[in-house]
Amino acid sequence: MESMLQYVWKHRLYAESDFVTADGEPVFVIDAGIPNTDAGPDFFNAKIRVGDRVWAGNVEIHERASDWQAHGHHRDEAYDTVILHVVGSDDTPVYRTNRERVPQAVMHIPGKIRENIAWLLSRDTPVPCAGRICRVSPIYLSDWMTALASERLERKAADIFARLEQYTKDWNEVFYITLMRNFGFGTNSDAFEWLAGSLPYKYILKHRDNPLQVEALFFGQAGLLSEKSSENADNSYYLSLCREYDFLSKKYQLKPVDGFLFKKLRTRPVNFSHVRIAQAAAVWMSHDVLFSAILERENMNDIRSFFNVLPSKYWDTHYHFRYASAAKKKCMGENAVNIILINTVIPVLFAYGKQKNLPVYCDRALKFLEKLPPERNSIITFFEKAGVAVRNAYDTQALIQLRREYCDRKKCLYCRIGFRMIGN
């Protein structure tokens, strides 16, 4: 109830004609103030007129007036700046620490507003407003999706900045860790990040002219060279990897992650960890300093070509080490490359531009996102069925942000679509 009152106050959805103090003086809100997310009054720097007098200060909101004392505000000087106590129920007068009475008013929420809020918050569905999204103006929805896409990029940039601190501000290492994480394609993202964290990028650079050694480092650190079954006894490639890794792990004092961390259940062969690791190794062997090369390219197709590389020929006839399969080139598909661009290249470009104060990289990241085709997943399919037009990856990133940060968390009161529906 209190959050509803705060929401109604912030957006001025109350019935103004009935808004009076306990003493019967009319209240007119000139400025609702700035919402406070920390300790202290709920809204700072509000400006209101009570009767004939204009007041500037803070506003506190409670479901019941007696919550003021229950929360100890009568003993807290931080609340002496409150110029109006807004309540749903006036069950007692309230006072500042010096015993001055605080002006208090009951805020009446119009029935239609109350019904709409209750409808949104009580619906036990993944997207409560799904059946009504199609009624929202396309222009209004487009503005909100622009804000959502920016939110998602900012969130990803924050993750990258955290890695930057962890890896002593080394952008090459951060790009390496981020790219490796996304080679896990969701199911194995954590495992791939742990793998990269256990294998410093500098060791890959030292051996990039020796494909067998680079592959040995990746597969060995992934814990996938410990399969001592008879099926591998005659596998010369596998045995060569084991020998190289045994030498390199001792040289660099490497400790592998556990191979069981890489999930196989309900995973298509093309997404097996062995194949993805082989593809990742091929990418890192193909370029001297990949991140620098990406920074230099303004054309997205040039960057796309960096990932259109083939792993060693062994993988033409294998999805893992145990036995051979029908011959098939294991180059990354177009959709997989798009996912890498969306989740690695674009966020890192955006974060780099922000950190270095170089807007050209932020702009380039946004343009790339607009040029990429829309992602295909259950979230996007759901919104399309609800009537939302999806044109490109910029839109799909916005909808993923909407679903995960607002719908799934039942934050309808903070969503612009929810606000539109509450007010109508």
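This is a predicted model: local features need pLDDT of at least 70, side-chain atom pairs count only at pLDDT 80 or more; totals for chains, interfaces and linings use all residues.

Author: The largest nonpolar core has 134 residues, and Trp9 and Phe218 are the ones with the most contacts inside it. Helix 13, residues 334-355, supplies the largest share of this core, with 12 residues. There is also another core lying apart from it, made of 5 residues, including Trp68, Tyr79, Val94 and Val102.

Back to Trp9 for a moment. Leaving out residues up to four places away in sequence, Trp9 touches Tyr14, Phe19, Val29, Ala32, Phe43, Ile48, Val59, Ile61, Leu84, Val86 and Met107.

Now for a helix pair. The axes of helix 3 (residues 111-122) and helix 17 (residues 416-423) come within 8 Å, crossing at roughly 140°. Angles over 145 degrees would count as roughly antiparallel, so this pair is oblique instead. On the helix 3 side, the contact is made by Ile113, Asn116, Ile117 and Leu120, while helix 17 brings Gly418, Met421, Ile422 and Gly423. Sorted by class, that contact has 5 nonpolar and 3 polar residues, with no charged ones.

Asn45 is not a glycine, yet has a positive phi of about 55°. Asn45 sits in strand 3, residues 43-50, and counts as exposed because its relative accessibility is 54%. Arg99, not a glycine either, has a positive phi of about 75°. You'll find Arg99 in the loop between strand 5 (82-89) and strand 6 (104-106), and at 59% relative accessibility Arg99 counts as exposed.

Terms used:
Residues are numbered from 1 along each chain as its sequence is written. Side-chain values use heavy atoms; hydrogens and water are left out. A nonpolar core is a set of buried Ala, Val, Leu, Ile, Met, Phe, Trp, Tyr and Cys residues joined through side-chain atoms within 4.5 Å. Buried means under 20% relative accessible area, exposed over 50%, partly exposed in between (1.4 Å probe, protein chains only). Helices (H or I, at least four residues) and strands (E, at least two) are DSSP runs, numbered from the N terminus. Contact means heavy atoms within 4.5 Å. Axes are lines fitted to C-alpha atoms, for helices over the stretch in contact, and angles run from 0 to 180 degrees between N-to-C directions. Angles under 35 degrees count as roughly parallel, over 145 as roughly antiparallel, 65 to 115 as roughly perpendicular and the rest as oblique. Ala, Val, Leu, Ile, Met, Phe, Trp, Tyr, Cys and Pro count as nonpolar, Asp, Glu, Lys and Arg as charged, and the others, Gly among them, as polar.
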